Each structure stands twice: as structure tokens, then as C-alpha cells.
There are 2 protein chains.
Amino acid sequence: MSDKMDYASAGVDIDLEGSAVASLISSLGKSVRSTGTPGAPVDLPGGFGGLIEFGDHLLALATDGVGSKLQIASMLNQWAGVGIDCMAMNVNDLLCVGAEPIAFVDYVAVPKPDPEVHAALGASLAEACRLARVTLAGGETASLPGIVTELDLSGTALGYLKKGEAITGENLQAGDVLIGLPSSGIHSNGYSLVRKIMQHAGLQYTDNAPFDSSSSIREVMRFNDSNGEMTLGEIFLNPTRIYCDPVVDLIKSAQSGENGFSVKDIRGICHITGGGLSNLLRLHEQLGWEIDNPIAPHPEFLWLAEIGGVETWEMYRTFNMGCGMIIAVNSEHADKIHSWLSEKMAGIKIIGSVVDNGRKVVHSQLGIEYSHY
Amino acid sequence: MSDKMDYASAGVDIDLEGSAVASLISSLGKSVRSTGTPGAPVDLPGGFGGLIEFGDHLLALATDGVGSKLQIASMLNQWAGVGIDCMAMNVNDLLCVGAEPIAFVDYVAVPKPDPEVHAALGASLAEACRLARVTLAGGETASLPGIVTELDLSGTALGYLKKGEAITGENLQAGDVLIGLPSSGIHSNGYSLVRKIMQHAGLQYTDNAPFDSSSSIREVMRFNDSNGEMTLGEIFLNPTRIYCDPVVDLIKSAQSGENGFSVKDIRGICHITGGGLSNLLRLHEQLGWEIDNPIAPHPEFLWLAEIGGVETWEMYRTFNMGCGMIIAVNSEHADKIHSWLSEKMAGIKIIGSVVDNGRKVVHSQLGIEYSHY
């Protein structure tokens, strides 16, 4: 095994996944629901999907799972965070079009149901609903011993927005200011690589972290039974940040106009998931992005890069590297919006700007760039 | 192994599943969304969940998967029906509260993506969207080689209805007439038992059916590459009937009043899933149900009972036995509604009535009854 690791060598073939999804999509036809009726599909600029018409509103659906982070939760029998992860992956996607999440349903597949695990999942989902301010409107638990060998958890979130108030990136302009919202850790992407690095290093998730994990912009959720030093498992299972607070409130404040900025001043919102910084490319077909004042990566990212010999370029297109959401705003009101957000959440920073220099994301301090998602 | 088989011996512990789900639910608190705002939970009589407020409307979410029927699809590499199964399990649930399904999202978990399988799934979901008249508003494919050993497919459907027009069973009365809608076969419940019986009998899914599978009220979808006698695999993978057509149209006709009956005349709608006839008990706390003129079970049900030595009582609480949906209507308009439905779908029958003789379901011809769900 080479010392250099990347996402593909960790067993995730992004191209194959993309090709499978493309096959599925190409088999789909046009919706039978016609424009102007409830359920008619809405194609927004920027390629955002998942939106349908509903009277004066648009409804948005997002569906996603926790992925292989669950394997660490299973191994440690620690479930307090995964409901939050599942919620976050979905509601954070809804926020990107300016939708307010209102409801959620979960899907759990297990080889055999375990009431204790389900109680912990329920508590985690309850906390997730509180953080995302949504109603848990149902769920399904399937016993599938012939299909799953351990617990899988996914979910679907429903959100809404007023027609004409979608945030799509179409009004982005060179000079727009990028505001970065800190992540809480690795969130729910890149775990195949995390697990590969851990295996390569011969470390256990119950081992104490061989680095100082403290950070002024996030706290790590301790396991219930932990009484001592922070373990690698606790750091890696830290739940994904749910950004409904402050992003829903930011949008409402913009709608009201009471703080001197409007919805039109919020030009684009990007959830930094698998693909890392390259996610920004999805927001516009021509413009580029320059990050010149980044949020500092949490210690675990630096440690993973070092112990795994992962190149910086690969790290920033696999992980969020400390910044889980980026909001592009009109430069005229950037300071106001930044101040407003900073009162709600620690660690928010102006990290860069939109530039008209080709469709690419440049991290200027590190000299890395991405021109493909 | 005993000759007698039931659902529990097939490896599905319904009590354990119920206990796990109860654990999850008991961990959940009240929703943070308050009455009168979008997303506030709505508790309907009869315990229907999944409904939330949205202005003058209610929105409904349903989430469910295809379950172990997928294991037969995987074994045979036949995917044309499973997208329809996945859609059906969800939209048929929405119909039971009188909601019109409008959108759907799918979640696929695979050990490794296969573009050919995904193309077939896409075609199946496209057909399902056409049959259910919904927009496919998104989907997720997760590669989870450490969690799933073969493909898992689930989904979430979104529907809506006007406030005050929910169908809940609360207006049910003794004397109401039960209209049965034929199933297309086993649908998507009871497959652990089907697979157990097949294994016990030493038969292959590629074997020709050792019985005449023809039925005047359903057609079996042939595999693309099949050219000959009907196989057991084709019969067992026949996709679940999607009842949007005719049930959505029935509700619309009732809303318009143009055919002489109103929404209030549709007293209850029951999707016959796992639990078989006992599903009816969910509609009312006191009233009972008498089935005295049932739809004849499809040949495969009789064959499974015989070859597996499964008792009749067990069959009717595991499978739909030929009837996939039951609509309880005001007896005054039962003939009109029955005639209206019969023009849209073959095999629809008046199968029994609501009775005030204790909370139980009685199948009088067979002398079996159910008093617990």
C-alpha cells in the first residue's frame, strides 16, 4: 500500500457512482404534473433539483443518509449523534435554495431491531428536530437481515419557500463576498477515507486523540460513558452542524428588510459536503471563487492529512476543512450580514469573494484550485 | 423443521420490531412547530401520522421501503418492478388519509453502484411516477459496502389535501359498505415467509410455476428476457398495484359532488399491507368488520399456503390475499361508488360491511377473525 491516500483508494468510486446515477436519471421522463399545478417540477437556474410548485409556494424535498460514518457509530455502539447527522445532511441542503425546513421522516434498515439502539436513535432524532425546528412526521424501521449487516440510517426533509424567493446563484456577481460558517468537525462526508487512514495507522476509535482537539469554534459531544481524555471516536462522531439557526433566521431577516438587507442580497448558499470546496462550482456556470481568508481547519483534519499522507488538494475536495457552509452576499451589505450572523454563531468569517476569472475555486494561501466538481 | 410455517418462524419478529419503534417514538418530544404555522403536526382521529399543517392545506409524508422482495429481484437481476413497489408502498399509504400524492424521492443503498441496475431502476421509477402521477423530486444513491451486501431501495412520498377533508375513519358507522380493490399479487409484504416456503420446498425462482397463475383481475409483468411459461420469480416479483388511479379520482369526484356522493361518504380507506386483514382494526377503536363476499385470492396465495403448510388465519394476517385496498363508504351511496370505481378498474367488489359487534375483523366464509393488529 502506498503512503499516499485518496478517496478513490479508500474504496469510493465517485465516477462509478456518478455514472450509475446518470443512468438512473436518463431513464426518467418528464413529470406528468404540468406547470401551474401542485407537484409540477420547478427547474431553477444553477441546476437545483427537488423543488415542486404548490400554489404561491415552492416545496422542496431533500433525501440523504449518514453514510459510512454509521460504521464507526455501530462499532462503538454510540448513536447520540447520528440522528443529528441525518437531519443535517438533509436540512442543510434545503437551506441552499432558501427553503425553510418544516418536517422530516427517517428510514432505518437493520439486520435485527434493537430497542436500546432505537431509543438512542429516537433521542438523537428528537434533538435533531429541535435544532432544525422541524416536525418528525413519520419513519420506517425495516428488518432486512439478508440485505444489511448493520444499521443504515437515511431520511427525507421537507421545506418550503415563497415563489420568487428562491436563492439559486443566478444573481451572483464578481465582487460578492463569501461568508464562511464553521463546521463542527468532519460532518458526514469522507468517512471511507477516515476509516482507511485509521486502519492504516493501526489505531482504535477508543484510543485517546494523539492531538489537541480543542477549537474555539466548536465543541465535541462527549459520549455518555466517557470520563477522561477525548477519544478519536468522539471526535470523528461529533454530529454535523445543523445550520437552520442561523440561516433560516437570516433569510427571514432579509425578507423583513428590518436589518437593511434583502433576500436579493443573499446571492448563493453552498453546503460543503463530499467534494469539499469544489461544491462551490455548482452555484454558477461562469464565475469563480477565491478563498483568501479561510476558517482554520479543525485539528483532526490536519492530523488525518499527516498520518494518512493525504495531499492538501485531496483533503479540500473530500472534507469541509472547518467550513461547512458558505454564503455569498452582495458586497454592499456584507458587513451588515456578517455582523448579524456573528451574533448568532461563533467563528463566522468573511473568507473570500466571487471573482470573474474563470470557473474555478482557488484557495490562494495553499495554492490549490478546483475547476471540476 | 415443522411443516407449519408462520411469519415469526420466517425470521421476522414483529414484536421486537414494534418494541424498537416504540422505543424510538417514546424518545421523541413534542414538535417545536406550533399549531397554525407551517409544519405543525396534525393528529387525526384514528392515529394517522405524517400530517403537517400548511396554510389551508395539510401535507402528508410517507416513507417505506420494498423490503425483502428486493432479495428476489437481486437474485434474478430483475429490477423493472421494484421502483413501482417502492412507489406503491408509499403513495397507497397517503391515499388512506385522502391525500393526493404529488412528489417522490428515492434512496438506494448499494455495496457498489452498477450503472445497468441503476438504469433499470430509473426506468422502473419513471413508470411508477407515471402510474402514481407524481414528480420524482430527487434521490440519493449511497455506496455502503460495509453496511449493505445487496441493494436496498426505499423512498418518501409527499401528498396534500385540503384542511377538513381528511379521511380518518372517525365517521365510520355500522352498516357502511366495504369495497375491495384487487391486488396485483403479493405486493411488498410477507416476503420473508415466501422465501422461507420456497427454500423449504426446494424450488428455484426460475422454475415454471407449478400452478395456473392466470387471474381475470390482474396481469403478471413478464421479464424482458422471458419467452415461455410463467416462472415463480415473475409471479412473486409482480409489482404492487398503485391505487392513485382510481382512488385520487374517486376523491376528486366526491369533492365535486358531480356523481351524487361527497367526501363525507368515503368513511375510511385501508391499505392492506403486512398484517393483512387486521389492518382494518387501525381505522376505528370500537367498530368491527365483516368480510362475507371476498375477492378470490390469486392462485399463488393458495399454492403458498398448501406447499408451506401455512394456516389460513396466518395467511390472512400476513398477505393481502387478493385484496390490496378496502374503502368503507356510506351504504346509501355504495352502489354509486362501486359502479364509479368499477368503470376504472376490473375486479372491484362489495366485499362486506362495518358492524357494531366488537372491534374485530371477521372473514365469515373461512371462519377466521382478528381482534389485534
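Q: Which residues of helix 5 of chain A meet helix 8 of chain A?
A: V194(A), I197(A), H200(A) and A201(A) in helix 5 meet L304(A), I307(A) and G308(A) in helix 8. Two residues are in contact if their C-beta atoms, placed from the backbone, lie within 7 Å. Helices are DSSP runs (H or I) of at least four residues, numbered from the N terminus. The model is predicted: local features need pLDDT of at least 70 and side-chain atom pairs 80 or more, while totals for chains, interfaces and linings use all residues. Residues are numbered from 1 along each chain, and chains are lettered from A in the order in which they are written.

Q: What makes helix 5 of chain A oblique to helix 8 of chain A?
A: The axes, lines fitted to C-alpha atoms over the stretch in contact, come within 10 Å and cross at roughly 55°. Under 35 degrees counts as roughly parallel, over 145 as roughly antiparallel, 65 to 115 as roughly perpendicular and the rest as oblique; the pair is therefore oblique.

Q: How do you know that the copies meet through the same surface?
A: Of the interface residues of chain A, 100% are also interface residues in chain B, so the surface is the same.

Key: Axes are lines fitted to C-alpha atoms, for helices over the stretch in contact, and angles run from 0 to 180 degrees between N-to-C directions. Helices (H or I, at least four residues) and strands (E, at least two) are DSSP runs, numbered from the N terminus.
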